[in-house]
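Here is a briefing on one protein chain. Keep the structure open while reading.

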Amino acid sequence: MSLRQMEYFVTVVEEASFTRAAELLHVSQPALSHQIKALERSVGGALLERLPRGVRLTPMGRAFLPHAELAVRSAAQARRAARAAAGAEGGELHIAAVHSVAVGVLPDVFARWRAAHPRVLLHLHEYASSEALEEQVERGTADLAVGPAPADWPGTVVPVGEEDIVLVVPFDDRFAGRTTVTLPELADRPWVRCAMEPVVQGERFLDWACDRAGFTPRTAVFTEHSSTAVRMAAAGVGVCAVPSHLVRDAVGEDCAVLSHDPPWKRTLTVFARVAPTGAAAAFVDLLRSAWPYPGVAPAAPLRAYEDCPEDGPEDGPAVA
């Protein structure tokens, strides 16, 4: 079994076609088929089922795939790390992020990076949930991940700042002229919920927080992306809770932004399987310097700025 064979196997799975995979890998289709058969002999069984139109993973193939992906991506990361340690100016850096961070934080950071390191190609991988982000980074998809602080992460975690979690309502809402609002004041409102809403004590955060405030939230729409939730809220579908950086450019246009009383905060981190070096370390430094709250100390992923009991936060951010 060789790394090249695993790369061929992963590419066939991704393309769902020997023909397209061969074109992408710049090898002949017979040569590709030969390497896949050799790989199957080495693992002791068929990994792919050949179909009239495409391929399908066998049970053995499904078990083998995540390990092959990790090996292939780890090799790519190793090459990038070696080039960075040698001072190579070229190459590429793979950054993974949750959608709200990709939209609300990274454009300015990427622009500054491109000005300072024009020969380093950036690849951005976006995910709708923190769980998907962590899973893909574990599988070697990216060199770095930017998102909420992961729980029990085995690698490196670097706090870079804190996100303010705000509430979005239409510009003509009865609360639009205010700067803060309490959760009980929103008891009669529908909500726009998002896949990125975290779980607290086994419940989605908004359910948990509203229950403590004495009511059950009424969900109007459940979305995959936080930017969609903002547009829904601005249109009057319901209230949504999102990081402030995601809506800062929309204030005064077609929506109003309110802070929760007390303020909701969430720690933003950079995390990776191994300690960042070279270009990856330079990107972390740039992100920390660019964030509005540089140098913040590590904190629990969910908390509020108020006195909290020892067994958990009194309140926390509802994140979309």
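Asp152 is exposed, because its relative accessibility is 79% and the cut-off for exposed is over 50%. Asp152 sits in the loop between S5 and S6. Its phi is near 55°, a positive value in a residue other than glycine. The model is a predicted one.

**Backbone exceptions**

- Most residues other than glycine have a negative phi, and most peptide bonds are trans.
- Ala16 is another residue with a positive phi, at about 55°, although it is not a glycine.
- Ala16 belongs to the loop between H1 and H2.
- Is Ala16 buried, exposed or partly exposed? Ala16 has 33% relative accessibility, so it counts as partly exposed.
- A cis peptide bond runs from Asp261 to Pro262, with omega near 5°.
- Pro262 is part of strand S13.

**The loop between S5 and S6, and strand S13**

- Trp153 is in the loop between strand S5 (144–148) and strand S6 (156–170). Asp152 lies in the loop between S5 and S6 too.
- Phe271 is in strand S13 (residues 255–272). Pro262 also lies in S13.
- Trp153 and Phe271 are 118 residues apart, and their pair links distant parts of the chain.
- Both Trp153 and Phe271 are buried. Asp152, in contrast, is exposed.

**Aromatic pairs**

- A pair of aromatic rings is described by the distance of the centres and the angle of the planes.
- The structure holds 6 aromatic pairs.
- One of them joins Phe9 and Phe64, at 5.3 Å centre to centre and 65° between the planes. This pair is edge-to-face.
- Phe9 is in helix H1 (residues 3–15) and Phe64 in helix H4 (residues 59–85), so this pair ties together parts that are 55 residues apart in sequence.
- Phe9 is buried because its relative accessible area is 0%, under the 20% cut-off.
- Phe64 has a relative accessible area of 13%, so it is buried.
- How are the rings of Trp153 and Phe271 arranged? Their centres are 4.8 Å apart and their planes are at 65°, so the pair is edge-to-face.
- Ring pairs also link Phe110, Trp113 and Phe283 into a cluster.

**Helix H1 against helix H3**

- The axes of H1 and H3 come within 9 Å and cross at roughly 110°.
- H1 and H3 are therefore roughly perpendicular to each other, because angles of 65 to 115 degrees count that way.
- On the H1 side, the contact uses Gln5, Met6, Tyr8, Phe9 and Val12.
- On the H3 side, the contact uses Leu32, Gln35, Ile36, Ala38 and Leu39.
- The residues of this contact of H1 with H3 comprise 8 nonpolar, 2 polar and no charged.

**Gln5, a polar residue in H1**

- Gln5 lies in helix H1.
- Is Gln5 buried or exposed? Its relative accessible area is 10%, so Gln5 is buried.
- Which residues does Gln5 touch, not counting residues up to four places away in sequence? Gln5 touches Gln35, Ile36, Ala38 and Leu39.

**Helix H2 against helix H3**

- Helix H2 (residues 18–25) and helix H3 (residues 29–43) pack at about 105°, with axes 9 Å apart.
- H2 and H3 are therefore roughly perpendicular to each other.
- From H2, the contact takes in Phe18, Thr19, Ala21, Ala22 and Leu25.
- From H3, the contact takes in Gln29, Leu32, Ser33 and Ile36.

**The chain as a whole**

- The secondary structure comes to 11 helices and 14 strands.
- Buried residues make up 46% of the 320 residues in the protein chain.
- Of the contacts with a separation of 6 or more, 74% involve residues 24 or more positions apart.
- The protein chain exposes about 15100 Å², and carbon and sulfur atoms supply 53% of it.

Notes. Residues numbered from 1 in each chain as written. Predicted model: local features only at pLDDT ≥ 70, side-chain atom pairs only at ≥ 80, totals over all residues. Heavy atoms only, no water. Axes fitted to C-alpha atoms, helices over the stretch in contact; angles between N-to-C directions. Helix = DSSP H or I, 4+ residues; strand = E, 2+ residues; numbered from the N terminus. Parallel < 35°, antiparallel > 145°, perpendicular 65-115°, else oblique. Contact = heavy atoms within 4.5 Å. Buried < 20%, exposed > 50% of the residue type's maximum accessible area, 1.4 Å probe, protein only. Areas by Shrake-Rupley, 256 points an atom, 1.4 Å probe, with all protein chains shown as cover. Phe/Tyr/Trp six-rings, centres within 6.5 Å; stacked < 30°, edge-to-face > 60°. Nonpolar A, V, L, I, M, F, W, Y, C, P; charged D, E, K, R; others polar.
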